[in-house]
Amino acid sequence: MTGHPAGREVANTIVSGRFKDSAHFDQVISMLSHADKMSGSVEQIRLANRIYDSGIRDISFEIKGNVEIKPGVRTGELTDLDVMAKDVNGDIHGYQFKGIQNPKKVVQKIFDNMKQLDRSGADFKTFVVDTKGTLAEHMALRTQQRLTETYGKTKIQFIIRVEDGVLIIPPNGTFMPEVTL
């Protein structure tokens, strides 16, 4: 992490102890030592910090299959939530992060990995993708249209972060913390 743009932020988070009692935070910290997992771990920590700063304290990491996330609700077998948070209403928000270099493969990679969110039992499921390309390129690729159709079938929300902006699907979705993904 030395020299990484988020190094100080991550170090300050660890030293603060704010997630020391959060489930599986230690796994996120250990993934920081693997170059191929570092960016995902940084994103998990950043989102968790924003959720924490919004007042939510019930935050967990790396939630897998067959885990009770609230009374009577267990995650499905293929679940992989990078971050999970319970809001003040008791609703569960689950997040999956992916970095996809090729903009032409964004939708297919999402389809290939949606099972990680689909049967998670979370009340609000959000797939966050960092990718290359511009908003115009993604419009030409029909990324927003295809993911809007997918949202209609699955209720999985999408945040697609590109070089010059963000696609939010659906535009009126329930994202926590609002406008900070």
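Predicted model: local features only at pLDDT ≥ 70, side-chain atom pairs only at ≥ 80, totals over all residues.
Visitor: Let's start with helix α1, which of its residues are buried?
Guide: Helix α1 spans residues 7-16, and its buried residues are G7, V10 and T13. Looking down the axis of α1, these buried residues fall within an arc of 135 degrees, so they line one face of the helix.

Visitor: Why would residues spaced like that point the same way?
Guide: An α-helix has 3.6 residues a turn, so residues three or four places apart point the same way.

Visitor: And what covers the buried residues of α1?
Guide: The cover includes two other helices, α2 (25-31) and α3 (35-53). On the other side of α1, by contrast, R8 and V15 are exposed.

Visitor: What follows α1?
Guide: G17 follows the helix, and its phi is positive, near 75 degrees.

Visitor: Switching topic, where does S60 lie?
Guide: S60 belongs to strand β1, which covers residues 59-64.

Visitor: Is S60 buried or exposed, and why?
Guide: S60 has a relative accessibility of 10%, and because buried means under 20%, S60 counts as buried. If its neighbours within four places in sequence are left aside, S60 is in contact with A23, D82, V83 and M84.

Visitor: Now the charged pairs, how many salt bridges are there?
Guide: The structure holds ten salt bridges. One of them joins E62 and K64, with the closest N and O atoms 2.9 Å apart. In that pair E62 counts as buried, at 8% relative accessibility, whereas K64 is partly exposed, with a relative accessible area of 36%.

Visitor: Which residue pairs with D123?
Guide: D123 forms a salt bridge with K70, and the closest N and O atoms are 2.8 Å apart. This pair links distant parts of the chain, since D123 sits in the loop between α5 (115-118) and β6 (124-131), while K70 is in strand β2 (residues 68-70), 53 residues apart. As for accessibility, D123 is partly exposed, with a relative accessible area of 34%.

Visitor: What about R161, which residue does its side chain meet?
Guide: The side chain of R161 meets that of D130 in a salt bridge, at 2.6 Å from N to O. R161 lies in strand β7 (residues 156-162) and D130 in strand β6, so the pair ties together parts that are 31 residues apart in sequence. R161 counts as buried at 15% relative accessibility, while D130 is partly exposed at 28%.

Visitor: Which residues are joined with those two in a network?
Guide: Salt bridges that share partners join R161 and D130 with E9, E43 and R46 into one network.

Terms used
Residues numbered from 1 in each chain as written. Heavy atoms only, no water. Helix = DSSP H or I, 4+ residues; strand = E, 2+ residues; numbered from the N terminus. Buried < 20%, exposed > 50% of the residue type's maximum accessible area, 1.4 Å probe, protein only. Contact = heavy atoms within 4.5 Å. Arc of directions from axis to C-beta. Salt bridge = Lys/Arg side-chain N within 4 Å of Asp/Glu carboxyl O.
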